[in-house]
Amino acid sequence: SSFARMFVQVCLYFYCKCLWRCLKFVVRKLTGQCELQRICYNTKPGAARTMKIEASLKGSKSKRLQTSVNVHPDAIEKTIDDIMELKRINPDINPQLGVSLQACLLQIVGYRNLIAEVEKLRREPYDSENPQHEEMLLKLWKCLKPDSPLKARISKQWCEIGFQGDDPKTDFRGMGLLGLYNLVYFAEWDTEVAQQVLTDSLHPKYSIARQYLDFNYFFFLSQLSKAEWEKKKFDKAIGYSFAIVGINITDLAYNLLVSGALKTHFYNVAPEAPTLTHFQQTFCYLMHEFHKFWIDEDPLDIMEFNRVREKFYKRILRQLQNPEMALCPHFAASESLINM
């Protein structure tokens with residue numbers, strides 16, 4: 001019976017494939033437009049268009065079209081000319097088509113190159129003998145703890161920003177330099193939020209001493225009954241290690257990138273090729289959102305971290321299934337790049 005099912009599935013596959021090609025041929029004859037033209041003319045710019053163009057090129061019976069998604073960025077213009085020639089499209093009559101295809105190919109090729117760049121950073125280990133690596137690590141401390149000088153390179157102080165021991169280099173083994181790059185970018189370009197997330201990760205959900213400084217919050221507390229006050233006073237969110245979680249969220253962002261899930265986001269926010277900066281901004285967004293998600297989940301202890309992380313990961317995946325989705329970073333440093 002398993003052989004019969006497999007035989008039916010194979011027959012159905014070839015039938016659908018042949019039927020689909022016949023339908024494409026008929027539609028082209030009726031409309032006078034190839035599939036690439038119909039996509040570009042009927043789908044607005046962004047992930048919806050680029051992903052359809054990518055699927056069309058990869059699914060083409062022409063090897064030239066299949067390989068067009070893997071060309072070097074410098075060869076994109078010539079590739080567009082080849083596509084127009086192969087599809088017998090007059091560029092003078094269809095000038096906008098070439099522009100649209102070029103934008104889509106830049107995004108497709110750029111995404112592939114971004115994966116390679118991110119992978120290279122992930123595979124490069126932290127080297128304490130490398131001055132640039134050491135400089136980045138010290139910059140991370142200065143951005144997060146500007147008022148607390150580091151007493152020594154090897155120090156228990158590193159635990160204050162969420163590393164496991166007195167030498168952070170051992171914590172970068174899983175994600176290599178990529179984890180450090182992301183943490184430094186977050187601390188340098190979104191400093192206020194990064195410092196707040198660090199503070200919150202070290203303290204209860206409700207820091208009464210700090211909140212007393214807020215008159216509105218003080219007024220709110222004054223309206224609570226004694227029972228509500230006691231509940232609120234001891235209502236805490238379990239803290240976590242900021243740096244270790246940052247490296248873990250780097251792993252989450254990396255998996256989203258490699259799996260292709262981030263195509264939706266990058267094709268919507270990057271008008272051309274997505275860059276490492278786009279990836280780092282996405283990391284900042286994920287850090288901020290995970291922190292809020294962690295507090296909302298209100299875990300019993302740190303042992304629930306994997307459960308909360310998996311639930312958060314699935315939520316992001318669901319959001320990225322929407323072709324119009326963009327994980328818009330919340331901080332000002334990203335606005336100029338996203339609005340290009």
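The protein chain has 17 helices and 0 strands. Helices (H or I, at least four residues) and strands (E, at least two) are DSSP runs, numbered from the N terminus. This is a predicted model, in which local features need pLDDT of at least 70, side-chain atom pairs count only at pLDDT 80 or more, and totals for chains, interfaces and linings use all residues. Residues are numbered from 1 along each chain as its sequence is written, and side-chain values use heavy atoms, with hydrogens and water left out.

Of the 340 residues in the protein chain, 44% are buried. Buried means under 20% relative accessible area, exposed over 50%, and partly exposed in between (1.4 Å probe, protein chains only). Contact means heavy atoms within 4.5 Å. Among contacts in the protein chain with a separation of 6 or more, 67% join residues 24 or more positions apart.

Axes are lines fitted to C-alpha atoms, for helices over the stretch in contact, and angles run from 0 to 180 degrees between N-to-C directions.

| Helix pair | Axes come within | Crossing angle |
|---|---|---|
| Helix 8 (residues 176-189) and helix 13 (residues 242-259) | 9 Å | roughly 115° |
| Helix 6 and helix 13 | 10 Å | roughly 145° |
| Helix 2 and helix 6 | 10 Å | roughly 85° |

Angles under 35 degrees count as roughly parallel, over 145 as roughly antiparallel, 65 to 115 as roughly perpendicular and the rest as oblique. Helix 8 and helix 13 are therefore roughly perpendicular to each other. Their crossing is right-handed. A crossing is left-handed if the near helix is turned anticlockwise from the far one by less than a right angle, and right-handed if clockwise. From helix 8, Leu-178, Gly-179, Asn-182, Leu-183 and Phe-186 meet Phe-242, Ala-243, Gly-246, Ile-247 and Thr-250 of helix 13. By class, this contact of helix 8 with helix 13 has 6 nonpolar, 4 polar and no charged residues. Here Ala, Val, Leu, Ile, Met, Phe, Trp, Tyr, Cys and Pro count as nonpolar, Asp, Glu, Lys and Arg as charged, and the others, Gly among them, as polar.

Helix 13 also meets helix 6, in a left-handed crossing. Helix 6 supplies Tyr-111, Leu-114, Ile-115, Val-118, Glu-119 and Arg-122, and helix 13 supplies Tyr-254, Leu-256, Leu-257 and Val-258. The contact of helix 6 with helix 13 has 8 nonpolar, no polar and 2 charged residues.

Helix 2 and helix 6 are roughly perpendicular to each other. Leu-36, Gln-37, Cys-40 and Tyr-41 of helix 2 make the contact with Leu-97, Ser-100 and Leu-101 of helix 6. That contact of helix 2 with helix 6 divides into 5 nonpolar, 2 polar and no charged residues.

Helix 3 (residues 47-58) has 12 residues. Its buried residues are Ala-47, Arg-49, Thr-50, Ile-53, Glu-54, Ser-56 and Leu-57. What covers the buried residues of helix 3 includes helix 2 (35-42), helix 4 (63-66), helix 5 (76-86), helix 6 (95-123) and helix 14 (263-269).

### Two buried loop residues

Leu-262 sits in the loop between helix 13 and helix 14. Leu-262 is buried, with a relative accessible area of 0%. Leaving aside neighbours within four places in sequence, Leu-262 is in contact with Tyr-111, Ala-253, Leu-256, Leu-257, Thr-282, Leu-320 and Leu-327. The C-alpha atoms of Leu-262 and Ile-316 are separated by 9.7 Å, and the two residues are 54 residues apart along the chain.

Ile-161 lies in the loop between helix 7 (131-144) and helix 8. At 1% relative accessibility, Ile-161 counts as buried. Not counting residues up to four places away in sequence, Ile-161 touches Leu-140, Trp-141, Leu-144, Lys-145, Leu-198, Phe-242 and Ala-243. Ile-161 and Ser-241 are 80 residues apart in sequence and 7.1 Å apart in space, C-alpha to C-alpha.

### Positive phi

Most residues other than glycine have a negative phi. Arg-88 is not a glycine, yet has a positive phi of about 55°. Arg-88 is in the loop between helix 5 and helix 6, and at 78% relative accessibility counts as exposed. Asp-298 is found in the loop between helix 15 and helix 16 (305-320), and is partly exposed, with a relative accessible area of 30%.

Methods
The expected span of a helix is 1.5 Å times one less than its number of residues.
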